[in-house]
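Hello,

Here is the structure I promised to pass on to you. Please have a look at it first, and then read my notes below.

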Number of protein chains: 4
Amino acid sequence: MLEAMQDVIELATAPNARERLVRRFMRVRGRTVGLVAPLTPEDQIIQSMPDVSPTKWHLAHTTWFFEVFVLNRYAQGYTAFDERFGFLFNSYYNNLGSRHPRPQRGLLSRPSWDEVQRYRDHVNAACLRLIRQAPDEMLDELTKVLTLGFNHEQQHQELILTDIKHVFSCNPLLPAYQTAPNQPAPNQPVASTAPQKWFENAGGLVEIGCDATDTAFCFDSETPRHHTYVQPYRFAGRLVTCGEYREFIDAGGYSDPRHWLSDGWNEVETQQWKAPLYWQKQHGEWQVFTMSGLRPLVDSDPVCHVSFYEAAAYASWAGKRLPTEAEWELFGRTQRVEGNLLEYGGLHPTASPCAGMGPWQMFGDVWEWTASPYSPYPGFKAPPGAVGEYNGKFMCNQMVLRGGSCATPSDHIRATYRNFFPPGARWQFSGFRLAEDL
Amino acid sequence: MLEAMQDVIELATAPNARERLVRRFMRVRGRTVGLVAPLTPEDQIIQSMPDVSPTKWHLAHTTWFFEVFVLNRYAQGYTAFDERFGFLFNSYYNNLGSRHPRPQRGLLSRPSWDEVQRYRDHVNAACLRLIRQAPDEMLDELTKVLTLGFNHEQQHQELILTDIKHVFSCNPLLPAYQTAPNQPAPNQPVASTAPQKWFENAGGLVEIGCDATDTAFCFDSETPRHHTYVQPYRFAGRLVTCGEYREFIDAGGYSDPRHWLSDGWNEVETQQWKAPLYWQKQHGEWQVFTMSGLRPLVDSDPVCHVSFYEAAAYASWAGKRLPTEAEWELFGRTQRVEGNLLEYGGLHPTASPCAGMGPWQMFGDVWEWTASPYSPYPGFKAPPGAVGEYNGKFMCNQMVLRGGSCATPSDHIRATYRNFFPPGARWQFSGFRLAEDL
Amino acid sequence: MLEAMQDVIELATAPNARERLVRRFMRVRGRTVGLVAPLTPEDQIIQSMPDVSPTKWHLAHTTWFFEVFVLNRYAQGYTAFDERFGFLFNSYYNNLGSRHPRPQRGLLSRPSWDEVQRYRDHVNAACLRLIRQAPDEMLDELTKVLTLGFNHEQQHQELILTDIKHVFSCNPLLPAYQTAPNQPAPNQPVASTAPQKWFENAGGLVEIGCDATDTAFCFDSETPRHHTYVQPYRFAGRLVTCGEYREFIDAGGYSDPRHWLSDGWNEVETQQWKAPLYWQKQHGEWQVFTMSGLRPLVDSDPVCHVSFYEAAAYASWAGKRLPTEAEWELFGRTQRVEGNLLEYGGLHPTASPCAGMGPWQMFGDVWEWTASPYSPYPGFKAPPGAVGEYNGKFMCNQMVLRGGSCATPSDHIRATYRNFFPPGARWQFSGFRLAEDL
Amino acid sequence: MLEAMQDVIELATAPNARERLVRRFMRVRGRTVGLVAPLTPEDQIIQSMPDVSPTKWHLAHTTWFFEVFVLNRYAQGYTAFDERFGFLFNSYYNNLGSRHPRPQRGLLSRPSWDEVQRYRDHVNAACLRLIRQAPDEMLDELTKVLTLGFNHEQQHQELILTDIKHVFSCNPLLPAYQTAPNQPAPNQPVASTAPQKWFENAGGLVEIGCDATDTAFCFDSETPRHHTYVQPYRFAGRLVTCGEYREFIDAGGYSDPRHWLSDGWNEVETQQWKAPLYWQKQHGEWQVFTMSGLRPLVDSDPVCHVSFYEAAAYASWAGKRLPTEAEWELFGRTQRVEGNLLEYGGLHPTASPCAGMGPWQMFGDVWEWTASPYSPYPGFKAPPGAVGEYNGKFMCNQMVLRGGSCATPSDHIRATYRNFFPPGARWQFSGFRLAEDL
């Protein structure tokens, strides 16, 4: 929190636009390096499943992003650090040529961690030089693409955390990323679960989405702002908790197909799901693998690391449903984005204090599965070229998540943000809240 | 057409409701038997991929549907034909107990084809007895569930055709289901492609979906009728043709990822797609495998047997998009449902004559992929029990198709109908038309 | 037995060599047709796993064998029944061009069963004509290749039985191929297991294999007859029984890796083996699926449908080992080949009466896994051309089985015969006996 | 060479048996550490396929071997370095409890490389203490098990090299393990291929295998020494070269199934084999990936990194065959084991100078595939307990290789040594020589 405020102060006091860009660049890039500080170079090259990327790959890929989208286009005479990195660290941009297969990212001991740091330094220096020396007439465009780069890097900051959590979970030694920051002292009472409140919304013809003429950044997928018609509904005041979810398990939720989507039940059977990812029962007690290692389950915590299928099955079992993204956004817009107070310190999703007058836990706890497939908004057009591949080509077979998690940088969170993952994904910090028809 | 009219006449002249039910029952069940007449018992047990079911399985499963949803519930003292069929011919109803695994349906040489006919006779007789003898107060409820059974059987009539087409396509001998009914005489000019027309719609707050209080049947997934907001748009007057699609292929459509959804491109690469299903090039000329065997491609025919991915890639390449299901329904409601004039006679999708004043080819040519994921309508609730599994549990990872194909029974087609398949499915009679923002 | 004797009489009384060939041709080809008599055309097109071929395919493939190896080469002016069958019914002969993929044999409803019968008739007529009209100087060569065709057809006679047994086992209705021929009358005592006897052999430098200059037929893989050195050993007088194998199961044989080969244990774990194929426990009692349907396990029967891995694990658990093929052949040569007395009537392996003076159950009960990998004998050379693919190219990753089973035609059995299957195969009539070092 | 001689001198001058053991222990364990010196910790945790283990795993597993087979049994009061390592670093010993799944060895960033070094130090110190302090009457037994540990470690020394070569080959940067030690100076003529000579052997009743009463170490699988009968044969004087193998490729060897075993051809088709592993064509010229990076193919080098299938196909194409292991051993016994002169320096298999009077390149160039399946020798019995799992349970589906490669420690090579790998394995330093019947 202190850091975030300091950030605001610094930006506010920056003498001019160029300097503000410089400071933001250094801060965003620096945070990434800070995030990997607890990790050894060995930790940073493991790919525990195809969805996961090694930390070192994230470090290089975010750097490559600035190289191809900023330096190659705007920095005259820029020399690539290593021509071969274009192949190695392109994630999925077909417009930018062929690339190293995703499932083989864990085979790259070289370039070494040291070399990737030098790559970062090289690109950082060139970017800073560019920001300071670019002609005035280039500055607007440069600011836009750099801002995209900052947001891109912030997305990978979260992925670094979700991915290393999965990596460590696959190691029988169950290493911890951090020591528990907020472990309750022994014999201290754990905060009890706040009672659920329900908030009503009359719906009607409303607007959602990001206004592209705004100065604030948003992704193309959040545009255009548009009308949509919402039926009257009720919206849960807080997230579903581990304790509530445990009741679903105890009621046989994972052995009765009736509340499951057909594809979801198929996953339960083939993947042998018995509980959320990272839950394990030891001597009859549920333990959860967290960024701080294995800890006893805390009933009042929001349930996390569930798939859309599990969220939907729980909702059906509870006689409710998940909110649509429009329903979510209508409430989200009324809430102040408090963000992640702990600046990655509190990676175990925690129960935030109740905000008296409206729904809470909307930002910075867990990503919230919605009932909405990730489809283009009416009137959406992907921009031409490689940047158009950023979001548009994924608009199929994915569900929208809203809100932002404890691993999301606080200044990356906003009410219109559309995160998306396939309905079976569980390794993100994903939970859910309930809704119902009025 | 004659048959359809005869049908209408018969129903109109039926002395009473019971007799109308009897006639409808006999007609629907009889059509299924007629459909399989060109097939040998050997043809009817092949399962060419997990999605496909053997014809014999369809014959037994539709019978089982009447047995469990009608006879077991309403026919006092009904004795099951064979207790073991409940396991063998349950498709996906978890509420009705365990069942034979879908991918193993092709391993069942027994019960023999003869025995399945006897099963049909047994259930038919019991249903007709029930219709004639049920107490008056049961008649409304009985009519509802029988009507569901009729519609269910009609769905499987179409599947029998799509499935046997796939089965035959896997046989190097390429057998034909029928002799070509409308093969142009040699040296006759083939109808040239009608020019594309575009129709505008101002959109706004509209209503779509089926009104459940209507007397006409619809599936639960078409309800409730509800408001939705539609932006102004243009709607193509006819389907995309084989000739147009061939241009996409010739332009390198299957070797350039830029117009494809990410999941779609993955299918192109792993499945080695080079053209729609059933197209094959011989000596430089495209041939298409049809219900009448292999025939030269006709440019003016609607393109068929494409996946949603291919439809979306074509649309992107053409600078357009697919219509949403609401956009489709707004035009669909204005068209008279002419249905499938050929009553399964013309299974190769053909160019129907242009209907001057509005879009055409909307019903009875090919199912049309829309841009809409198959999600529950606002306020949708699946009914309790097994019947609730009919549609609701599939509302994830599927796309909506509208209109009805040349294989769809004409009285099964309506403007609110929501067909659905996964975006990679190609063995249905699926094509598409274009739309664009106004 | 009667039939076999009649066969001998017929051959003995045949007026000349041509007529003997004619009679043998008709008898072998006729037996195949007799074997499929209990099956419907529907039964005959199922492929329950890639290793299994549909009955109809066997009927056509054995016919194709005579067409390509006999008629195409020796019958001047022979016209193929259908040119496309060369592609459909070639099994694995690369020298004879491309072929239909093995795992897709179950997709062929066409050619129909009737057409395959006409194919057989067509080829039979042409072969008989050739035998009767071939020039005298061709007769020796023709006899050789026809004899290969007879032996080939006999191999497929056994496969027809093993394959249909697997097909039926995959059907929850568990159909029977035949009514039990030798079901003990109720309340009759079942033959108790004969005590195991051990026979010693001093080994030394011995000869095994078939002498190619013999007039009797043998496969190339049985040649050349050659010296090999055998250490002194003991040889079990009878096969391991179901009762003995049950003790291995009860002792935890399938849950303790210590007696298993590494690859075998891997199969146990991935295939979830708990008992021989076709064994199932119902209400605490072992049942076995046989050609006559499901029957209670008979302790004194030879254990059957075990893999090499299971045979080797049992042997290790029992403190013994499997015999090598040389060790087997030394005893096999001293036994009269009694063959399969029941002529396919007794397909459930049965306990044959004890033959006082030597090991018994060596021929016509179950194929016996040996400890010998299927390798070429010293000096073996595969013949040139397609016929060279018959055996030689399979001499890797397979184990030798000796003896012949209750499904093997009696005149196809001999002491030098080398059957072979991969060590994990279980759907053949395969059992084993024990040996040990002296 | 110098080092090896120094070794001999050291051992010869050691004051006593204990000191000789100490020196051998330090030398063997020290060599392992030397081998990994060119690698970063990041290099050492990659598992590029399930067959490959990370270097760090090899370092820990060989240490674990001494811990469980030596310290836990003989060192009173020994405290395990970390109790959890028994699970992590057990390779395949079922007798020693459950273990980490082999395909997941590449997921272990922890324990760190440093910690594994401390593990080695801990075990080394305890072993040395034990050697020096063990009671006299324990010394014989201790020597035996330590010797097994030395040989085990030497096997893993070779695997460290073959595995890291595969790891590096999967990295598009193609890193080198070493700088080329013996790169010919530019414009120097490359040694031309020595002409093939053939040596005859009359065969007969011979003895092969290791005499267990010998003082020299051998593995259980090399025993017992036993009689076998060998037919007269010819044996090639040198290995098949890259140039010769290239002719096979140019003659269409990889596109014609006729010379291939059936399983081999299946590998060619499914794995898309076109040449030996590590060969790649650039601008029409063959390049080979070596421990020194990518280098042009040298025709006179022995062909290496071929599977048994490729060796057998080449031999068939050349009208010869592979020698059996007995045929190989008869010549191997007559050759002085010169071993690997370069002590891991010359990891690219090289053409050694022709040894005038007999076959050459028998030791220390490439492992030579033989025609012999890896079966137990007559009379073989695996020892009881975990040590019995060392070899015996792999005696199925593997082929014997003889001789030793440029990556094999010279004092680990002997004429009776039976190396074994599945017939499709290519990542070992495996080549072959030809033989034929006389």
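Of the contacts in chain A with a separation of 6 or more, 80% are between residues 24 or more positions apart; contact here means heavy atoms within 4.5 Å. Please keep in mind that this is a predicted model, where local features need pLDDT of at least 70 and side-chain atom pairs count only at pLDDT 80 or more, while totals for chains, interfaces and linings use all residues. Residues are numbered from 1 along each chain as its sequence is written, chains are lettered from A and ligands numbered from 1 in the order in which they are written, and side-chain values use heavy atoms, with hydrogens and water left out.

Chain A has 438 residues, and 58% of them are buried (under 20% relative accessible area; exposed is over 50%, partly exposed in between, with a 1.4 Å probe and protein chains only). There are 10 helices and 12 strands in chain A, taken as DSSP runs numbered from the N terminus (helices: H or I, at least four residues; strands: E, at least two).

Residues 202-334 are 28% helix and 21% strand, and their end C-alpha atoms lie 15 Å apart.

How are chains A and B related? A rotation of 180° with 0.0 Å of shift along its axis superposes chain A on chain B, with an RMSD of 0.0 Å. That is the relation of a two-fold axis.

Now to the cysteines. Three disulfides are found over all chains, each being a pair of cysteine sulfur atoms within 2.5 Å. In chain A, the disulfide joins A:Cys210 to A:Cys218, S to S 2.4 Å, and is left-handed, with -95° about the S-S bond. A:Cys210 is buried at 7% relative accessible area, and A:Cys218 is buried at 14%. Why is A:Cys242 too far for a bond? Its sulfur is 8.0 Å from the closest cysteine sulfur, in A:Cys304.

Best wishes

Conventions. Copies are superposed by least squares on the C-alpha atoms of residues with pLDDT of at least 70 in both.
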